[in-house]
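Please walk me through this structure, from its salt bridges to its domains and helix packing.

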Amino acid sequence: MDKPRSSQLRAIVVGAGPAGLMAAERLALADLEVDVYDAMPSAGRKFLLAGKGGMNLTHAEEFPLFQQRYFDRQQDLARALNAFTPQHIREWASSLGIETFVGSSGRVFPVDMKAAPLLRAWLHRLREAGVRFHMRHKWLSFKDKRLLFQAPNGEVEVSADIVIFAMGGASWARLGSDGKWCAPFQEQGIHLHNFVPSNCGFNLDWTTHFRQKFAGSPLMKVGIDLTDTKGEKRSRTGQFVISETGIEGSLVYAMSSYIRDLIQQDGSATVYLDLLPDKDEERVLRELAIPRGARSLSSHLRSKLGLHPVHNGLIQECLPKEIMHDTARLAAAIKRLPLKIVSTRPIDEAISSAGGVSFESLNEDFMLKNLPGVFCAGEMVDWEAPTGGYLLSACLATAYLAGEGAVKFLSQIRK
Ligand SMILES: Cc1cc2nc3c(=O)[nH]c(=O)nc-3n(C[C@H](O)[C@H](O)[C@H](O)COP(=O)(O)OP(=O)(O)OC[C@H]3O[C@@H](n4cnc5c(N)ncnc54)[C@H](O)[C@@H]3O)c2cc1C
């Protein structure tokens, strides 16, 4: 049974990912009649996938540092991130019976690391609050003042006093976020930035020999150093994996926006690997110069410097073979190995996407300037962030603020 409503005002949320659910929650709190529509048979599919490797909800670092993770969009997101902070996210999860803990890296996880119990509790609370879900309803377009959906039994038109769109970005289309909403948005004159992969892997031209020998090999502690499109030096240490087609993994994802932008600007990107970030070049040179006697070079590199076959393979893949016998050049290569990256992996494989509804199209409450009463939230808005809980944090925060904005908008038109 639907809860009796004190107000006849009706809100529609399109998209039942974390952003849509947070928007629905905020609207239901204001005692609006809320209907959530989603193209998929069930809610929160990408959210559930995000929980597979450990659901990283948010990050516990100092707030100014946290805000900097949103690159050029930190100012645009400031109101949202302040309205629903990482601490609010932890309290919100706790209100659903999900306690969280801060991992050693500052990342915040549910105690059981899972997404499913949280999603279950959240959907239950929303239904209890009277939110109605209409699954298998794909939004097609604006039709006059109504929204047109493709439903299981044909097209349906619905209208509402306010709408919040939260249809996600353009990766992992099979989980629902296929970016197909872009065309009808553009028809309304809404300015969008093209979707591009974020937190993605990259393609390199590996030789067959290298690929066959090393695909799947991890590099546990390496540095990546590059000069970004603005001429600024960027470096970071972490781990990544050699893939069949190139490189992937957390360090690569963390640097992916800079690498992607360099490729977009120059057609390819050269990054420099530091294979021994804990040793300076002088020390590497000193240890390389120790006579190796009858030992092979690779066992010498392993015993003296802790370098594995994949490190040696990379050096030989990227530089002329004779370098292995020139101690000074080898030491320099170990500390600064140039790696030419040729392209991004397809967007559908990326953990997230950048691009979507531009901030110029939105007012400070995430309402579309040329469609009063229509709001956008989550990954469909043009911001990006590294992994580490920043993606969900901004999805929840933008949805919370859009929800607040929608309630404010309705109270103004009601006057
Ligand atoms: C493998 C993986 C791991 C991740 N891990 C983490 C993590 O640990 N921490 C973190 O912060 N982030 C993580 N993310 C990112 C995070 O899951 C997303 O940023 C987040 O789900 C985006 O939320 P959203 O609500 O904006 O969009 P989505 O979750 O994509 O939801 C959008 C919804 O809109 C629906 N939809 C789309 N188009 C239409 C339409 N035309 N009509 C009706 N419905 C439509 C979709 O079916 C979908 O349900 C991960 C992502 C992936 C792929």
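A search of the whole structure finds 24 salt bridges, a salt bridge being a side-chain nitrogen of Lys or Arg within 4 Å of a carboxyl oxygen of Asp or Glu. The model is a predicted one, in which local features need pLDDT of at least 70 and side-chain atom pairs count only at pLDDT 80 or more, while totals for chains, interfaces and linings use all residues. Residues are numbered from 1 along each chain as its sequence is written, and side-chain values use heavy atoms, with hydrogens and water left out.

One of the salt bridges joins the side chains of Asp-382 and Arg-73, at 2.9 Å from N to O. Asp-382 sits in the loop between strand S20 (374-376) and H15, and Arg-73 in the loop between helix H3 (63-68) and helix H4 (74-83), so the pair ties together parts that are 309 residues apart in sequence. Helices (H or I, at least four residues) and strands (E, at least two) are DSSP runs, numbered from the N terminus. Another salt bridge links Glu-384 with Arg-260, whose closest N and O atoms are 2.7 Å apart.

The protein is divided into domain 1 (10-197 + 350-414) and domain 2 (202-344), with bounds that come from an automatic or database domain assignment. Eight residues from domain 1 and eight residues from domain 2 make the contact, where contact means heavy atoms within 4.5 Å. The C-alpha centres of the two domains lie 38 Å apart. Between them, domain 1 and domain 2 bury about 680 Å², 51% of it on carbon and sulfur atoms; buried area is the accessible area (1.4 Å probe) that two parts lose on being put together, summed over both. Two salt bridges are counted between domain 1 and domain 2.

Helix H1 (residues 18-29) packs against two helices, H15 and H6. The axes of H1 and helix H15 (residues 390-414) come within 8 Å and cross at roughly 35°; axes are lines fitted to C-alpha atoms, for helices over the stretch in contact, and angles run from 0 to 180 degrees between N-to-C directions. Residues in this contact include Met-22 and Ala-23 of H1 and Leu-396 and Ala-399 of H15.

With helix H6 (residues 116-128), H1 packs at an angle of about 35°, the axes being 10 Å apart. Among the residues making that contact are Leu-21 and Met-22 of H1 and Trp-122 and Leu-123 of H6.
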